[in-house]
Amino acid sequence: MKIEKKFWKNKKILITGHTGFKGGWLSVILNLLGSKVSGFALNPQGKNNFFNCTKIKKIFKYDFRHDITDINFLKKSIKKIKPKIIFHLAAQSSVLVSYRDPVGTIKTNTIGTINLLEAARSNKSIKCMIIVTTDKVYQNLEKKIRFKENSPLGGQDIYSASKASCEILTESYLKSFYSLKGTKCNIATVRSGNCIGGGDWTKDRIVKDCAEAFLENKNLFIRIPNASRPWQHVMEPLFGYLKLAEKLYYDNKRKYIGSWNFGPNIKNNLKVLEVAKYGRKILKSKSKILKTKQIFYESRHLSLDSSKAFKFLKWRTILNAKQALKLSFEWHKYYNNKSLRYKIVNFTINQIKNYKKKLIIVNF
């Protein structure tokens, strides 16, 4: 897969959710590519978070901190930024949090997406927009099938249902408004597997839980040890999103609009217990791994068919699951060393640069 650095140089980009884990990594990557990056999000969550720990605030031209459910403020912000490309990542991204705060999850994920779609259609500067949902948008009957983009949507938990709603609403907006003559903004939704990487301190994330337990030699408690997931490093789908945005930008025939899967090969599926044992090995811990009670429903098997992305974008995952996990655990190990912590952004950049060596970056 080729990434065109010349394309991204000086491009005005808006990232919603730039203070989050995935949005933070995307911001650093785009900054390295020479883009003029702006962000719209709430303040970063928790004591530890990727945004504050890496001190990346200085890379943003505009850094708006506001609730995306406020459409008037969102419209004013977009008008000021004048972005050519928008990556929409602002969301409540935890399944378990969605059980505790269903209304807040639905408001942020669905109303926030509607507001962005509405704001963008009245702004002539925007050439394309990528809306990030999740691999959990599919109706999962636990039959161990690989979901394609045209598989039925569903969602047995509030988070999954809210993201499936975003998919339906986006398709509706595409057909109702963005297909009209004269409309220049092309839109795609992207669904990726379980993204891991350094700096994701979201509650109930397995890599975060492993790092916190094993680095302190404490016991680790896991809910569903035999649940299987398509683990991939956060950089993998993000570079896929970049390639899709390049295609969408000049897509006069609208061949690239619609939904796209960005998941790893099924061989990258590992059980939660396997992830925990590998993390304990990497971090050289003697901690015990214990099972705790599962309270809410969480899918046990999940896998994506990403043949569409490979066929049209030449995208595929480069790292296997253990390589992705190793990068993630090494990031947290580095950050845990207080004498090195202040250089964690350089460590992050080096991980990105080493990954990019495996890609074809034109004029990089």
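**Exercise 1.** What does the accessible surface of the protein chain come to, and what percentage of it belongs to carbon and sulfur atoms?

*Solution.* The model is predicted, and its values are computed from the atoms. The accessible surface of the protein chain amounts to about 16,700 Å², and carbon and sulfur atoms account for 51% of that area. Turning from the surface to the interior, 56% of the 364 residues count as buried.

**Exercise 2.** Determine how the radius of gyration of the protein chain stands against the globule rule.

*Solution.* Begin with the secondary structure, which consists of 13 helices and 15 strands. The radius of gyration of this chain is 19 Å, whereas the globule rule gives 21 Å for 364 residues; the two values are close, so the chain is as compact as a globular protein of that length. Along the principal axes, the C-alpha trace spans about 60 × 45 × 40 Å. Finally, consider the contacts between residues at least 6 apart in sequence, of which 81% join residues at least 24 apart.

**Exercise 3.** Describe the setting of F262.

*Solution.* First, locate F262 in strand β12, which covers residues 258-262. Next, take its relative accessible area, which is 0%; because buried means under 20%, F262 is buried. Then relate F262 to K107: the two are 155 residues apart in sequence, and their C-alpha atoms are 26 Å apart in space.

Definitions and conventions
Residues numbered from 1 in each chain as written. Predicted model: local features only at pLDDT ≥ 70, side-chain atom pairs only at ≥ 80, totals over all residues. Heavy atoms only, no water. Helix = DSSP H or I, 4+ residues; strand = E, 2+ residues; numbered from the N terminus. Buried < 20%, exposed > 50% of the residue type's maximum accessible area, 1.4 Å probe, protein only. Rg over C-alpha atoms; globule rule 2.2 N^0.38 Å. Contact = heavy atoms within 4.5 Å. Areas by Shrake-Rupley, 256 points an atom, 1.4 Å probe, with all protein chains shown as cover.
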